[in-house]
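This report covers hydrophobic packing and aromatic pairs. The model comes before the details.

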Amino acid sequence: DASIIVVKGTTAETFVEENYPDAEVTKYEQYTEATNALIDGRADAWVTDNTEALAWTNAHDGFTTGIAKLGNPDTIAAAVQKGNTSLLDWLNKELVTLNEEDFFLGAYEETLLPVYGDDVAPSDLLVSTK
């Protein structure tokens with residue numbers, strides 16, 4: 001069986017616990033501890049968010065991302081205090097406007113495309129209403 005590294009308190013930890021209860025898992029407090037353990041050969045794999053895994057493996061020779069997706073995709077979203085409808089309405093409208101102006105795609109191309117290259121399609125990371 002493979003040994004797995006996760007960072008405590010992450011969705012990766014929850015996913016591994018729920019889906020691989022018999023796996024040999026080592027949990028670390030910090031990402032640098034987890035990646036150093038992987039580099040040192042203290043485990044066979046590190047389970048983390050796909051964006052983190054893809055960027056890290058692209059920057060470190062000798063490592064690869066075995067699969068680009070594992071489990072259900074999660075979306076990162078803003079939170080607004082209940083009852084603050086004016087802020088919620090503004091935020092929702094602003095997100096639609098930014099999407100229509102390709103702001104998020106432009107930001108992806110400027111910042112993330114150089115990191116991921118052809119390994120990731122923008123549609124794998126961006127949610128669009130177009």
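Buried means under 20% relative accessible area, exposed over 50%, and partly exposed in between, with a 1.4 Å probe and protein chains only.

## Basis

This is a predicted model: local features need pLDDT of at least 70, side-chain atom pairs count only at pLDDT 80 or more, and totals for chains, interfaces and linings use all residues. Residues are numbered from 1 along each chain as its sequence is written, and side-chain values use heavy atoms, without hydrogens and water.

## Nonpolar cores

A nonpolar core is a set of buried Ala, Val, Leu, Ile, Met, Phe, Trp, Tyr and Cys residues joined through side-chain atoms within 4.5 Å. The largest one has 9 residues: Ile-5, Val-7, Tyr-28, Ala-34, Ala-37, Leu-38, Ala-43, Trp-46 and Trp-56. Two elements, β1 (3-7) and α2 (31-39), each give two or more residues to this core. The largest share, 3 residues, comes from α2. Helices (H or I, at least four residues) and strands (E, at least two) are DSSP runs, numbered from the N terminus.

Beyond four places in sequence, Ile-5 has contacts (heavy atoms within 4.5 Å) that include Thr-26, Ala-45 and Val-47. A second, separate core has 6 residues, among them Ile-4, Val-6, Val-16 and Val-47.

## Aromatic pairs

Rings of Phe, Tyr and Trp (its six-membered ring) pair if their centres lie within 6.5 Å; planes under 30 degrees apart count as stacked, over 60 as edge-to-face and the rest as tilted. The whole structure holds 5 aromatic pairs. Phe-103 and Phe-104 form an edge-to-face pair, because their ring centres are 5.3 Å apart and their planes at 80 degrees. Phe-103 counts as partly exposed at 44% relative accessibility. Phe-104, at 28%, is also partly exposed.

Elsewhere, ring pairs link Tyr-31, Trp-46, Trp-56 and Phe-63 into a cluster.
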